[in-house]
Amino acid sequence: MHRIVVAAIAATATLLALAWGCGGDDYFEEYDARSSGSATSGEAGAPVAEMVTVDPATAVTVKGVVTFSGDAPRFPPVNMSAEPDCVRLHGGRVPSDRVVVNDGKLQHVLVWVSGGLEGKRFPVRTDAVNLDQDGCIYKPHVVAVQMGQAINITNSDPTTHNVHPLPRENREWNKSQTSGAPAIEYAFPRAEMKIAVKCNIHPWMQAYIHVMEHPYFAVSGADGAFEIGNLPPGTYTLQAVHEQFGEQETQITIGASETQEVAFAFAR
Amino acid sequence: MAVSKKAATKSTPSATNGSNGSRQLLGLTVDPQEIKQKALMDLKAIKQPTKTEVYKSIFRVKHDQTARSRTLGVLSNVFLHLHPARVNRDAVRFSFTWGMGGISFYLFWVLTWTGVLLMFYYHPTKVQAFRDILYLEHDVPFGKLLRNMHRWAAHAMVLTVQLHMFRVFLTGSYKKPRQFNWSVGVILLVLTLLLSFTGYLLPDDQLGFWAVTVGTNMARATPMLGHEGPFGPQFGMTPFNDVRFALLGGSIVDANALLRAYIWHCIAIPGFAATFMIVHFWRVRKDGGISGPNRIMLESEIKPLRR
Amino acid sequence: MDWHQLWTIISLPDNIPIVGMLFIIPFFTWFGLRQAFANDRLLAKLEADPKLARTHHRKTQPFQKGWARELPVWPYLMRMEFLAVVIVTFILMVWSITLDAPLEEPANPSLTMNPSKAPWYFLGLQEMLVYFDPWIAGVVMPTLIIIGLIVIPYIDENPLGNGYYTYKQRKFAIWTFISGFIILWCSMIVIGTLIRGPGWMWFWPGMTWDHNRLIFEINRDLHEIIGITSQPWIGIFGGLVVGGFVTAAGYGCHRLIIATEFTRKILGRMSLLQYAILQVLLIIMLALPVKILARLLFRIKYVWVTPWFNV
Amino acid sequence: MPVERKVQPDPITTKSYSVHLLVSMLLLTASLVWAVYDEVEVMRPYKDYQARFRAYYTRFLAELQPQQAAKQQAIRQSPEYQELNRELTDAEQQVMGRIQEIDRITGGGVVPRMTAARNAFQVLRSEIDALRYQIEVSDDDAEKDEIREEIEEIRARIVEVDLPLADGSGDVEEREMRFEELEQEFLSMQQRRVDLQAERLELLERANELRGERDGLMADRLPGLGATQIDGLLANMANFEIGIKQIHLLDIDLVDRCESCHLGIREPVEIGPTDLLYPVFRSHPRPDLLAIHDPEAFGCSSCHNGNGRATRSVTKGHGRHKFWLWPLFYPENVEAGCQQCHAKEIVTPGGETLNHGRELYMNKGCWGCHRFEGFDAESEELTAIVQQLRNLEANRDANAKEMRESIELGDTSADGATAQRYYARAEELRLTNSRIDAEIHNLGVERTNLAEEVKKFGPSLKEIKVKDVKEWIPEWIKNPHEFRPGSKMPVFRLLDEEVQQISAYLWQNALDGDLRSHPMGNSTRGKELFETRGCMGCHSIGEGDSRVGGTFAANLSRVGEKMNYDYMVRWIHDPSEVTPDPDVPDELRPRPVMPSLRLTEAESRDIAAYLSQQRTDQEYPPAPYMDDPQMAEAGLVAIRHYGCAGCHEISGLEEEGRIGTDLTVEGSKPLDRLDFALKTHEAEMEGWHSHKGFFERKLENPAFFDEGKEREHLERLRMPNFNLSPDEITALTTFLLGAVETVFPEQYRFEPEDERAAVQEGWWIITRHNCNGCHQIRPGNVSAFMTIPRYTDDPDWAEQLPPQLYTQGARVQPEWLSDFLHNPALSETATNRNGVRRYLEARMPTFYFSDRQVSKLTKFFMARDSQPVPDLPESMEPLTPSERAVGRQLFTSDAAPCLDCHMTGIPSQDVDATAPNFLIAAERLKPNWTFRWLLEPASIAPGTAMPSGLFERDGDRWVFAGQIPAQARNYAGDHADLLTRYMFQMDAAELARLRALQ
C-alpha cells in the first residue's frame, strides 16, 4: 500500500514539474526584471536639464572682434522700385545688407557657445529684442534671442509690411503690420538657428533670427565686436556663424572671473 | 403491507387524541399544562434525533444484534447492494486486483458527471462548438478544470480498462465460469474507445477534426460497405451512400458529423456502456465474485474433459 | 541531436497517457509476472510433495493458515475502494489543474494537419495503414482484434491458472497475449506517437520533425520483384505466396501447440472448431510482424495483388 | 514442512489504513484548495492588475489633482476670469430678490394649492370614471340613464376643500366647490406654476450665460482636466470594483476583455507609458483614433488582434501562441489592423506606416508580379468591361433574332389579337435593344478611358533600341542596383548567360525607329531648368547622402551613360511620343506615367544636355551576343520565367500574366502555407515562425528561404531583391499582415457610398501619379520639392514651392478644376506656361489623365472639403457704384497693396508677382472660400505668402485693419465681403484702372 501512496506522490511531483515547465507568465515580475536590466545598461531617456544660477562673483566674459579679409562678395543694391514709398525713404541707392564689412570688421556674425553647456538650463532673458522695419529694411539684419525671449517687431515705415518668419522647427506665421500699428511681440518657444524673416509685399526685405537655448550669444556689431558675459567659468566651444561665410569654431577655457579675448577671422 | 397496517392501527388512538385537543381549541379553552407537556415531549425528541420518525425513515431502524436484524442490515445497506457481504481475501488485495476495474468504473462515473456539467455549456453546432470551448476555458467558473478533468479522466480510463484486461488475462480470470463476462468486458473496452473517439471531435478544433477525419477515412475502405473497400464499388458504394457517409451524416466531417458525434458520445454509447456495465457487474456477482476464490490447481489434478 | 523536438512531443498534454504507458505497462507486466513466479514456486513445491498438496490450503501467495479466506466487505474492501477513489481523484485534480486539455485552431477542412494523427489509442491502427491497405488495417484488423479477444475464453481449453497468477501453467497463453498486447498493440502506439512525424515518416527520437524532409523509398509489389507482369498470373502468384505463408505459419503454430506434453494434452481437449479458430487467429497475428518486416527490410508493398483487393 | 510455524497476524485484517487515508485525504483536500486557488487567483491574473492599477492610479491622480487645482486657481486669478465672475455675481445679485420670491410663492402657495385641488378633484373623477365604465358595459338603456343621472349628481355635489392661499403666505382658506370648479382651480394653479418657472428662467438667463462663458474660459485655458473632474476620477477609484471589464459586440459576438488589464486605456487623463510604473496601464497613445473608433462599437481585438476573450495570461490574451490565428500585432505593425475595415483605400488617414507600405507596394511595382485587389484595378475592370460588352452584344443579337421571328409570327398569325401580341413583343425587344445600344456606348467610353489608364509599372522595353546604349543593357539587367542604387528595378538572381540571353531577346525584339537628331543644348541652363521646372518632384540626382529630389522616379545620376541624347530630348519634350509600333493601334498605345512639362524643344534640349553629362567614365564591354538569334530564343524562356513582362511591355509577351502569388489575403493565409522551407525549425526555435517573421525575412532577402536548399537554378525562388530599408520592410510587412479576409460584416467596413468614396478613389490616382511629389495634400506631408536645398535654404525660393492643396475643393470650382487638370496651361495656344501661377518656375505638368481620372480627381478634391458636385454658384449681389469705389480704394490702399504681389498681366510686373491674377478669380474660385481666405489665409494654407490679420472684427462685421481709406469709413457693410464681391466682379478694364491708381 505504501507503494501506491509513493506512486501517487511521484505522479504528483511529475505533473508539478510538467506544470512548471509549461509555466505561467507574470507580467510585472518580467517587466521589473527587464527594466532593471536595461536601466544599468544605458540611460535611454535624456536627463532633465538642471537649472543653473550663475554666481556673479566668478562669472566670466568672452569678447572679441570678427574680422574679414579678402574680397567681400558684392551684392547688387536693393531694388525698391516696386514700392515708391520705400524708394522715397532713401536718398539714392540702398546697399545690400547681406555682407557688411567695415574696415575688415565683419558685421552680423552670430557668436555663441555651441559646446560646454549641455544639460544645463538658464533663466530666460527678460529684455526684449527689437526688430524694426525701417526704410523697408529689417534693422538689424541679424537678431539673436534666447528661446522664450520676446522679440518686438515694429514698423517705422509709412507703408504696410507683413512679417513672415520661415522657421523649420518652430511654428510658422505670417502677419501684416500696417504703418504705425502696435509692435508684434513674439517669443519663439524652440531653439532654432537661422530663421529667415520675410516681407512678402517687399520681397527684398530679409532678416535672420537665431533662437538659442541659453543666453550666451552675441551678434557682432558694425565694428565686428561682440561680447558674451555672465558665463560660468569652464571649457567651451565657441562658434561664429555668418549667413554667407558659414561657421567657425574655437575651444576656450576660462578660469573664474576672467575675461578672455577671442578672435574670429573670416576670409574669402 | 403488514407493517403499514400495524402503523395505521397504532396511529388511531393518537389521532383521536389530536381531535380531542382540537375540539378544545375550537372552544377557545386552552389547557397550559397539556401544551407544556407536549413541548417537553418535542424537546425530548430533539435531544435524541436518532429516535425520531424522520431519522428512522431515512436511515432505517437500528437493529438489535439478532440474525434477523443483521440480515436486514445487509439488505438495507446501499454498499452491500453493490458488493456481497463477504469477499475472497484476494479481492481486497491490491497487488492481486490492481484495482483497475473499480478505478475504471469510478472514472466512468467522474466522466458522466463532468460530462453532464459540460453539456450545460456546449452546443454541438459548427458556429458555437469551438466558441463554447473557449467560453469554458475562459469564462465558466471551474470550466477549464471541468474540461481538463473530462479529458484526462477519459484518457486515464482507456488506460485503466486496458490494464484491467491485462490483469484479468494474467490471472486467467476469463476462464470458466467467467467466459461470457470477459466477452462483455471486451465490448466495454470497445465502447470505451468509441466514447473517447466520439468525444475527440466535439471541440471542433484542428486536432479533433483531423483525428476524426483520419479515423473515419478508414471506414471508406470497409469491404463491401465502403466506396474504396474491396468489392465496395461492385456493391454500388459511392462516397454518398457508404458506411462512412452513415457515420458522418455526410461525405465530409461537418456539422452533421459533429451532431452525430455528440449524440453518440452523450447518449447512445454511454447508454450501451452503462447497460453492459450492469451486466458485467451482475455477472461478477453471479460468477462468484472476482476470480479469487479459485484454488490453485496442479497439472495432475486436471479432470478429463467431459463432452 | 534535437532533444527539444522530443520534449515537444512528450510534453504535449495529449501524449501524457502514452508517456505514462511507457512506464505503467512494463511496471504492471513485472508486477503481475512476479506474483506469477511466486505462485509457480508454490506450485512446484506442491507438485514435488503430493502429501502437502493434499493438505495445503491452496490459496495463492501470500497466505498463511489461520487467516480468513473470506473477509467482510465492510470495512476491508470498502476502505480500499474509498482509498482508491480518493487517490484517483487527487491525481486527476492535480493533472487537471496543471495540464490543459489541448485546443488547437478551429477546424479548417482546407488546411491539412501534418502529421494528422488519430487519438493515441488508435495510433496502432494508423501505423498499420503503412503496411496494409485501409480495409485491412482499419476494418478487418480491429474487427479481428475484437473477435479474437472475445473468443479467447472459448478456445483456451487450459483448465489451469484459473483465478491466480501463474506463468508455468499458461506459458503459451501468456506469450501469445503479451506479444499481441505489448508488442503489437502498445509498441505500435508508441511508434505512432513518438516516431512518426510529418508525412508519417520515421523520425528517430532526437531527430527534428522536418516538414521538408524527403526520403527515397520505393516500395514494390512482390510480383514485380519476381518479374511477373500480367494478370491473372499476378493474382495466382500472390495467392500462392499467401497460401504458402498460411501453410508455413500454420505448421509453425502447430509445432508450438504440440511443443510439450502439456500443450499436447490441452490440444487433446480442444475441438476441431476451437483448433481451427486458434490457428486462424495465430496465423493472422503472425502475418502482422511478417508483413511489417517484409516492408521495412525488403520494401515489399503488396504480396498479393488482385483486381479487387491487395494484400 | 514439518516445522509448525507460528501463525502471523493477518496483514489485511490487522493493518490499519488510517495513515494512508489521512494522508490521501489531506492530499485531496489540498488539491481541492489548490483548485479553488487556481480558479480564483491563477486563472484570474487581472485581479492583481486591477489592484495595482487602483493603487497606482489613485496615487497618480492624487499627485495630479493639486497641480491642476493650482492651474485652475491661476486661471481664476486672471483678470478676465475675475471680470466675468464679478459680472456673474452682479447679475445674480440683481435678480436674487425676485427669484427668492418666486421660489417662495411656488413652494409655499401655488404647489400646495394645486395639490389640494387636484386631490379633491381626483376623488370625484375616479368615481365618475367608474360609473362611466358601467354605462359602457351596460345593455339596459334605463340603467344607463340612471347612472348618467348619478354622474350629474356627483358633478353637482359640493365638496369642502381646504385650499392654501396662492401667495405663499401659508394661510388656508376653506372653500366649498363643485367638480368643475375644482378642475378649474387645479388647471389655473398648474398654469401659474409654469408661468412662474418661465419667469425664473428668464431672470436667470443672463447669469447662466455668464456662467457658461466663465466656465468656458476655464475649460479653454486649462490644459487637461479640472480638479473636480479629477476628484470624480478619484471617487471612481475609491469605488473601483475588481472584476472583468469587457466589451461585448452582439452582432459579431466579439468579447474583448483587454481592459481588464489595460485599465488606463480609456481614462480621460493622459497616462504615459511609465506614469503608472508599467506600460500596461498607459492610456491609448492615439486618442484621436479611439475617438472615431469607439471601443464600445468596435472592440479592441478588431483592430489589434489577440484573443479578447482570454484573461488567463498575457500569452493567451495576446494570442501569441501557436493555435491562435490572430495574434496581437506588434507595435510597429499595429496599423495592419486598419485594413480589417479600410481595405479599399490606398491612403488611410492616421495610418502612416500602413500608407507607406501601400505606397511602396504601388511604387516599387510589387503588383507587377503579385496581384492585389485594388492595385492595377484598371486592367481587371477593362477585362470585365470587354466581357460585359460581349455579353451585351450577344443579347442584342438574340433580341434582334427574336424580334424578327415575332414579326414573322405576327404576320402569319390567324387573328389580329394574336398578331398584335407578337408585334408588341417585337416592339418591346426593339426598345430593349435601343437601351442596350446606349449601355454599349457608355461601356465603350469607359473602355476607352480604362485603356488609357492601364499601364505597366516599368518602362516599355520595345523602345530600348532607340533609347538605350546597347552595351549598357546587360550590365543593367545583371545588377540594376549597382548602376543605380535604390532603383525600383530589383536585382534578379540571374546567371551570366541568362543576362546575355535576356538582353539578346530584348534587343532583337525592340522596335526600330528614327529619331530626329538635335543639336546639343546648353547644359547650364538645363541644370537650372531641371532643378526648378519640377523634374525633381519625381526624379533625383546624386547618390547616397548627396542625393537630391524625389524618389518616385529614377535617379538620374548616371543617365548619361545609358540613354541616347536624341531620345532624351524627345522624351522630355513629349513623353507621349513613342516609336511607332506596327502591332499596336494608336488608341491602345500605353500612356506614359511621366507627364509633359510643356517644355519648348530648346528647353528640352538644354535639360537633355545637362542629363547627358550625368555620367561616370565607365566602359561597357561589347555585347555581340545580343545579335545572336539563338541567344534571343533562350532569352524568351528566361523572360517568361522571371516574369519580366509583369512590369514591362515586351514584344511577343503582351498577354503574359503575373507570375507571383495573389497577396490580397496573404495575411490570413494559414501559416502552414507559408514555405519556411529549411528555416522552419530555426523559426520555431527563435520565435519568428509567424507571418510577421516570414514577411520580414522574405522582404529583406527574397532568397532567404532558399538557403541551404539543393536546387536547380530555375527551381529556385524567383523573387528579386529590392534592397529595402528596414523602415520599408516594416511598412510592407504591416501592409501584408493586414491583408486579410475581413471577419467583419459590412456595416463595420469603411466602404462608403457617399462622397467619401470619391476621396478613397482619388488617393489611388494621386499615389499613382505622385501628386505628393510637388504638392502638400495632407498636413504633415513633405513633398519632394520641400527637401531640395534650394527651396529649404533660400526664403525667396521657399515662395516658389508649388501650392498646397489642403482646401483645394473649397477653393476652386469643379468645372474649372476639371479644365485645369486637363490642361494646366489653361490655354490652347500659350501652352508653355502655368495657367494660374505663372510666376512659379515649377510647372504644373500635363498628365495623361483619362476623362474618368480627371473626373475622379475633381470629385476627390470636392469631396474632401465637403463641396457639392456639381457646384451651383452662389448668387452674388452686384456692386453699387459707391461700393465699387470703396472696393477700389481698399484694394489699392497702402495698407493692403494687393497688386504688389498679385499678377496683373503686365509681364514686367508679373516677374516679381507671388500670387495669381484676379481676373481668373471669378471662374476659378468660390466666393465663400475667398471670404475666409481674406480673413485668415494662414489657417487655410500654412506658410502662405498672403499675410493674415488684414481685417479686424467690429461688432458683427469685418473691417479693414489698416488705415481705412476715406470713402470706406462711411461704408457700413462688411469690408471683407465687399472685397470678395469686388474681386469676383473684376474685369480687365477694372484691373487696368486699379493699376493706374496704384
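Predicted model: local features only at pLDDT ≥ 70, side-chain atom pairs only at ≥ 80, totals over all residues.
I count two strands as paired if DSSP finds at least two bridges between them. Helices (H or I, at least four residues) and strands (E, at least two) are DSSP runs, numbered from the N terminus.

Residues are numbered from 1 along each chain as its sequence is written, and chains are lettered from A and ligands numbered from 1 in the order in which they are written.

**Entry: a hairpin in chain D.** I looked up β7(D) (residues 951-954) and found it paired with β8(D) (residues 957-960), antiparallel, over four bridges. D:Arg953 sits opposite D:Trp958 of β8(D). Two residues lie between the strands, and D:Gly955 has a positive phi near 65°.

**Entry: helix α25(D).** Seven of the 10 residues of α25(D) (691-700) are buried (20 or more other C-beta atoms, placed from the backbone, within 10 Å of a residue's own). Among them I noted D:Phe694, D:Phe695 and D:Leu699. The buried residues pack against α26(D) (726-737).

**Entry: a helix crossing.** I checked α33(D) (881-892) with α39(D) (975-984): their axes (lines fitted to C-alpha atoms over the stretch in contact) come within 9 Å and cross at roughly 95°. That is why I call α33(D) roughly perpendicular to α39(D) (65 to 115 degrees). In contact terms (C-beta atoms within 7 Å), residues including D:Val886 and D:Leu890 of α33(D) meet residues including D:Leu978 and D:Tyr982 of α39(D). The contact residues divide into six nonpolar, two polar and two charged.

Note on methods. Buried ≥ 20, exposed ≤ 12 C-beta atoms within 10 Å, placed from the backbone. Contact = placed C-beta atoms within 7 Å. Axes fitted to C-alpha atoms, helices over the stretch in contact; angles between N-to-C directions. Parallel < 35°, antiparallel > 145°, perpendicular 65-115°, else oblique. Nonpolar A, V, L, I, M, F, W, Y, C, P; charged D, E, K, R; others polar.
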